[in-house]
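Dear colleague,

Please find the structure below, handed over for your records.

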Amino acid sequence: MKKAIVALACALVAPVAFAQTSTTTTETTTEPATTTQTTSTTYTAGTVTTYEPGRTVVVKGEQGPVSFALGTAARIVDGAGKVVTAPLRTGQKVRVYYTGPQTERVVERVVVEDQD
């Protein structure tokens, strides 16, 4: 009888002792959509009517005055491409190169055409 109890105990313990656990992990990743956007650079030529360093410049050209917001990336250079350290003056001839539509113009650089 003792052997029967030991055999029964072993039969009950064996499935628990040899049980296998399995873990399934599912990972979903999403790649960002890749888009290509083409932008073109446009310029407006004219004379400076208003200038606020680091903020705005208003240039009066053939189509009237146009206001541009100057961001931190906007550079003011001369015709040779050297950085101009003097502030723009009213009446100075410039070309403002920008990208984007008229409502969201982003100034890349302002080229001073005359440096009296």
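Y97 counts as buried, at 16% relative accessibility; buried means under 20% relative accessible area, exposed over 50%, and partly exposed in between, with a 1.4 Å probe and protein chains only. This is a predicted model, in which local features need pLDDT of at least 70 and side-chain atom pairs count only at pLDDT 80 or more, while totals for chains, interfaces and linings use all residues. Residues are numbered from 1 along each chain as its sequence is written, and side-chain values use heavy atoms, with hydrogens and water left out.

R109 lies over the face of Y97, at 4.1 Å from the ring centre. The criterion for a charge over a ring is NZ of Lys or CZ of Arg within 6 Å of the ring centre and within 35 degrees of the ring normal.

Rings of Phe, Tyr and Trp (its six-membered ring) pair if their centres lie within 6.5 Å; planes under 30 degrees apart count as stacked, over 60 as edge-to-face, and the rest as tilted. By this rule there are two aromatic pairs. In the pair of Y43 and Y97, the centres are 5.3 Å apart and the planes stand at 40°, so the pair is tilted. Y43 belongs to strand β1 (residues 41-52) and Y97 to strand β5 (residues 93-99), so this pair ties together parts 54 residues apart in sequence. Strands (E, at least two residues) are DSSP runs, numbered from the N terminus. Y43 is partly exposed, with a relative accessible area of 40%.

The pair of F68 and Y98 is also tilted, at 5.4 Å centre to centre and 50° between the planes. F68 is in strand β3 (residues 64-69) and Y98 in strand β5, so the parts joined here are 30 residues apart in sequence. Both F68 and Y98 are buried.

F68 is also among the residues that touch the most other members of the largest nonpolar core, which has 16 residues; the others are V57, L88, V94 and V110. Such a core is a set of buried Ala, Val, Leu, Ile, Met, Phe, Trp, Tyr and Cys residues joined through side-chain atoms within 4.5 Å. Two or more residues each come from β1, β2 (56-61), β3, β5 and β6 (106-112).

Finally, Q92 is placed in the loop between β4 (75-78) and β5. At 6% relative accessibility, Q92 counts as buried.

With kind regards

Note on methods
Helix = DSSP H or I, 4+ residues; strand = E, 2+ residues; numbered from the N terminus.
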